[in-house]
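Open the structure in your viewer and keep the sequence panel beside it. We will go from stop to stop, selecting a few residues each time.

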Amino acid sequence: AGKAFRKFLPLFDRVLVERCAAETVTKGGIMLPEKAQGKVLQATVVAVGSGGRGKNGEIQPVSVKVGEKVLLPEYGGTKIVLEDKDYYLFRDGDILGKYVD
C-alpha cells in the first residue's frame, strides 16, 4: 500500500481512510451472514491533506493524523480503489470523532 500513497495524496482538508473489517462472528461464536452485518463506521487514517484555508487565509491543519482510528458518518465519503483495496476520502469536518487509547 505504500506505493499507492506515493501516487495519491489528499489535498486541502481531505482525509483518506481504510474502513475496518466487519464483524463476521458474534461474541458467542455465531457466524453472521453479510446482510446481517452492520455497516462499519470505524476506520484507520492512512493519509491526510495539508489542511484547509481559514477566513483570514491561514492554513488550518487537519485534526487527525495517519494511523489514528476515527468514527465515520454512516453515509458519505468518496470510494477510491488503490491497488485493489478500497479506501474512502472524507473531509476533515465530516469525521465524527477519533478513538483515544
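## The whole chain

The chain's secondary structure comes to one helix and eight strands. Keep in mind that this is a predicted model. Colour the chain by secondary structure and follow the sequence: the pattern reads α-β-β-β-β-β-β-β-β. The chain has 101 residues, and 31% of them count as buried. Now think about contacts between residues at least 6 apart in sequence. Of these, 63% join residues at least 24 apart.

## Stop 1: the hairpin of S6 and S7

Select residues 78-82, strand S6, and residues 85-91, strand S7. The two strands pair in the antiparallel sense, over five bridges. Together S6 and S7 form a hairpin, with two residues between them. Click on glutamate 83 in the turn: its phi is positive, about 50 degrees. Then show leucine 82, which stands opposite lysine 85 in S7.

Stay here and pick lysine 79, which is in strand S6. Which residues does lysine 79 touch, leaving out those up to four places away in sequence? The answer is Asp86, Tyr87 and Tyr88.

## Stop 2: strand S1 and its neighbours

Select strand S1, residues 14-19. How many bridges join S1 to S7? There are four, and the two strands run antiparallel.

Arginine 19 lies over the face of tyrosine 88, at 4.5 Å from the ring centre. What about pairs of aromatic rings? The number of aromatic pairs in the structure is zero.

## Stop 3: the nonpolar cores

Select Val15, Val17, Ala43, Val45, Val62, Val64, Val70, Leu72, Tyr88, Phe90 and Ile95. These 11 residues make up the largest nonpolar core.

Zoom in on valine 62. Not counting residues up to four places away in sequence, valine 62 touches Phe12, Asp13, Val15, Val48, Gly49, Ser50, Gly51 and Asp92.

Another core lies apart from the largest one. This other core has seven residues, among them Leu16, Val46, Ala47 and Ile80. Pick valine 46, which is in strand S2. Is valine 46 buried or exposed? Its relative accessible area is 18%, so valine 46 counts as buried, the cut-off being under 20%.

## Stop 4: the salt bridges

How many salt bridges does a search of the whole structure find? It finds five. We will visit a few of them.

Select aspartate 13 and arginine 14. They form a salt bridge, with the closest N and O atoms 3.2 Å apart. With all three residues shown, you have a network: Asp13, Arg14 and Arg91 are linked by salt bridges.

Arginine 14 counts as partly exposed, at 25% relative accessibility. Arginine 91 is partly exposed too, at 41%.

Lysine 98 is in strand S8 (residues 97-98), and glutamate 68 is in the loop between strand S4 (59-60) and strand S5 (69-71). The pair links distant parts of the chain, 30 residues apart. Lysine 98 is partly exposed, with a relative accessible area of 41%. Glutamate 68 is also partly exposed, at 22%.

Note on methods
Residues numbered from 1 in each chain as written. Predicted model: local features only at pLDDT ≥ 70, side-chain atom pairs only at ≥ 80, totals over all residues. Heavy atoms only, no water. Pairing = 2+ DSSP bridges. Salt bridge = Lys/Arg side-chain N within 4 Å of Asp/Glu carboxyl O. Buried < 20%, exposed > 50% of the residue type's maximum accessible area, 1.4 Å probe, protein only. Core = buried A, V, L, I, M, F, W, Y, C linked by side-chain atoms within 4.5 Å. Contact = heavy atoms within 4.5 Å. Phe/Tyr/Trp six-rings, centres within 6.5 Å; stacked < 30°, edge-to-face > 60°. Lys NZ or Arg CZ within 6 Å of the ring centre and 35° of its normal.
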